[in-house]
Amino acid sequence: MSTPHANALRLVFCFLGALAGCTGGGGDSTATQGSSSSATTTGEEAPTTGAPSTGTSATTTVSEPTSTTSRTTSGTDSDGTTTGEDTGGFVDPVESPFGIASSHSSSQILDVWAASIAATGITWLRGIDNSQPEARLDTAEANGWQVAGILYYSKESPGTFPVDDLPGWTAFITALLGKTKGRMVHWEVWNEPPNFTENKTPAAYATIVQSAYETAKAVDPAVQIGLAAQSNHVNWLEQTILAGAAGHFDYVTVHPYEILDLVEHGWEAEYMSIVPTLRKMLAARDPDRADAPVWFTEIGQPVTADISAEQQADTLIKAYTMAIAQGVARVHWFEGRDGDSGPFGLITGDDALRPSYTAMTTLIERVGALPKYRGWLVPDGQYHGFLFAGDDGPVMVAWARPEVAPEVTFPAPVQVVDPRTGEVSEVTAFPLTTAPVIFVGVAEELLAEAIDNRAKPFPWGGDFTGASELGYTAAGGDSGLHPLGAAEIVMIDGEPARDIGGRPAQSFTVDPNFLSYDTVPIRIEAVLRRSGAESAGFNLKYESVSGYKSTGEWYTIPEGDGWTVAAWEIDDPQFVGKWGYNFAFDSDSTQHSQYSIRSVTVTKR
């Protein structure tokens, strides 16, 4: 299995055990996996992140309010389900983006927790027990939910894409959709492909996608088929489309757990690039599906010894706010109630409500079940603010970037809402932290500024859209190139350097506005120095048109006390941020990572 989550192996066994009853086509397809906030960043693994620290403070002043006039014009709807009236130039949703996902075990006891989760305002469920679809649908519908399902069928365990049993695959789909016709419209093909399968090729997946699309449409032309991938595996989706899935899907699903894990460390721009990067790929490979809805059918964070229940609530607010801001049609938090995948729920296994439950309820109440997103603010890089048109005036969801503590001031009192508790107070000044808050009734002028920003490139320490080169230096920090995780900055001969000795790899992400998806030849250059007499070196691994790959040669840092310049020419990069990073200096272990970095640059050739 190629998923990087720390608890992935255990979850694979949970999933395969859940599927044991469906090898003939009648079991469950809802088992899933979660995310770990720590994993090693080597090869096909997820990034390791470091904790931010509290730093400088700043004050941001919000301008006096000015009157505005709302405008309403007729709008268009690209897919008939996700957009509605065009108000002031914005096409707002007619279906809620707020959903929940279910694990296998939780799906089987849907009646235990459905009413509690429905009380938050959530109206969508992803994943039901396919062995008893009518009963699960009865429960879902009684709680006002629409349901999106997963098509999974295999005669083998571990599962395989049923390319050698297409008659069985089509019979399974025909029978299942016959039971759910008129009650379930959305079905994604498989859960996180190529996970949970020994048949891992995009061509094999494309074969079953084609068959599923044609079979489902024959049963019910209204059915919508989802093209799926593990994490944010844009390369997989592209290869699947090229292998024959073009024109055989209606929406696209991803599970960007790993990218979400990086948001608390100031990587909002990477998360905000998910949909724009997918749009680039779809426009290039299947233009007729360029505007296909994008769903996050799983995203979440567990409560662990390292992740508090309050932090989970903060992460939920950021996940939904920025997903809606970048145009995600549906977001399914994994999960409603703790199940066989661990403590991911808004509700514990003992039915206690976590702060994330209150956060979900508060967010839906304040931005609305059909949120009218208008634009963003990142003033001087101090904080992130996302503006919505609300019934009580403009609403801003905001939080500070790591290592700064800005105070936002308002010319007139506004309400500030704590999502963790739902508590409301009135303020004219408020000190922001990395914990998000919701401001209600902010100035219309602030809304106008956010609207003006909406179409601009989302900044990450600047706008690098037109840059030909970007870099990182230990002395000056990030300039469009971002090292992942914490590392000690040491002084060597009076010069700052990033000590890599405590980690097996150092990963980097380039600003998505500089390079995402497009295959442009680049040069990566690093200034390095061995820390001692022991051997030091690494493989350079990078995202390419075929996924993560190595340049093929181990680079050994020369002996001696001097700095050395190493460079690599790469002709086939395709930076999409599957795990959140684009390339890595992979030493395999700390035995070979005894070196320091003074600078790294990436140049378009």
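1. Helix H12 (residues 355–367) is followed by Gly-368, and the phi of Gly-368 is positive, near 95°. Keep in mind that this is a predicted model, with local features needing pLDDT of at least 70, side-chain atom pairs counting only at pLDDT 80 or more, and totals for chains, interfaces and linings using all residues. Residues are numbered from 1 along each chain as its sequence is written, and side-chain values use heavy atoms, with hydrogens and water left out.

2. The overall picture: the protein chain has 13 helices and 30 strands. Of its 605 residues, 59% count as buried (under 20% relative accessible area, with exposed over 50% and partly exposed in between; 1.4 Å probe, protein chains only). Take the contacts (heavy atoms within 4.5 Å) between residues at least 6 apart in sequence: 73% of them join residues at least 24 apart.

3. Back to H12 itself. Its 13 residues reach 18 Å from first C-alpha to last, close to the 18 Å expected at 1.5 Å a residue (the expected span is 1.5 Å times one less than the number of residues). Ten of the 13 residues of H12 are buried, so the helix is largely enclosed by the rest of the structure. Among the buried ones are Pro-355, Tyr-357, Met-360, Leu-363 and, perhaps worth a look on screen, Arg-366.

4. Ala-313 sits in helix H11 (residues 309–325) and counts as buried, at 1% relative accessibility. Leaving aside residues up to four places away in sequence, Ala-313 touches Pro-355, Ser-356, Ala-359 and Arg-420. Ala-313 and Thr-358 are 45 residues apart in sequence, and their C-alpha atoms are 8.0 Å apart in space.

5. Now a helix pair. The axes of H7 (residues 234–245) and H10 (residues 274–285) come within 10 Å and cross at roughly 15°; axes here are lines fitted to C-alpha atoms, for helices over the stretch in contact, and angles run from 0 to 180 degrees between N-to-C directions. That makes H7 roughly parallel to H10 (angles under 35 degrees count as roughly parallel, over 145 as roughly antiparallel, 65 to 115 as roughly perpendicular and the rest as oblique). On the H7 side the contact is made by Val-234, Leu-237, Glu-238, Ile-241 and Leu-242, and on the H10 side by Thr-277, Leu-278, Met-281, Leu-282 and Arg-285. By class, that is seven nonpolar, one polar and two charged residues (Ala, Val, Leu, Ile, Met, Phe, Trp, Tyr, Cys and Pro count as nonpolar, Asp, Glu, Lys and Arg as charged, and the others, Gly among them, as polar).

6. Backbone points to check. Most residues other than glycine have a negative phi, and most peptide bonds are trans. A cis peptide bond joins Pro-193 and Pro-194, with omega about 10°; Pro-194 is in the loop between strand S8 (186–189) and helix H6 (202–219). Another cis bond joins Phe-334 and Glu-335, with omega about 5°, and Glu-335 is in the loop between strand S12 (330–334) and H12.

7. Then the positive phi values. Ser-231, not a glycine, has a phi of about 45°; Ser-231 lies in the loop between strand S9 (224–228) and H7, and counts as buried at 3% relative accessibility. Tyr-517 has a phi near 70° and is found in the loop between strands S24 (505–510) and S25 (522–530).

Note on methods. Helices (H or I, at least four residues) and strands (E, at least two) are DSSP runs, numbered from the N terminus.
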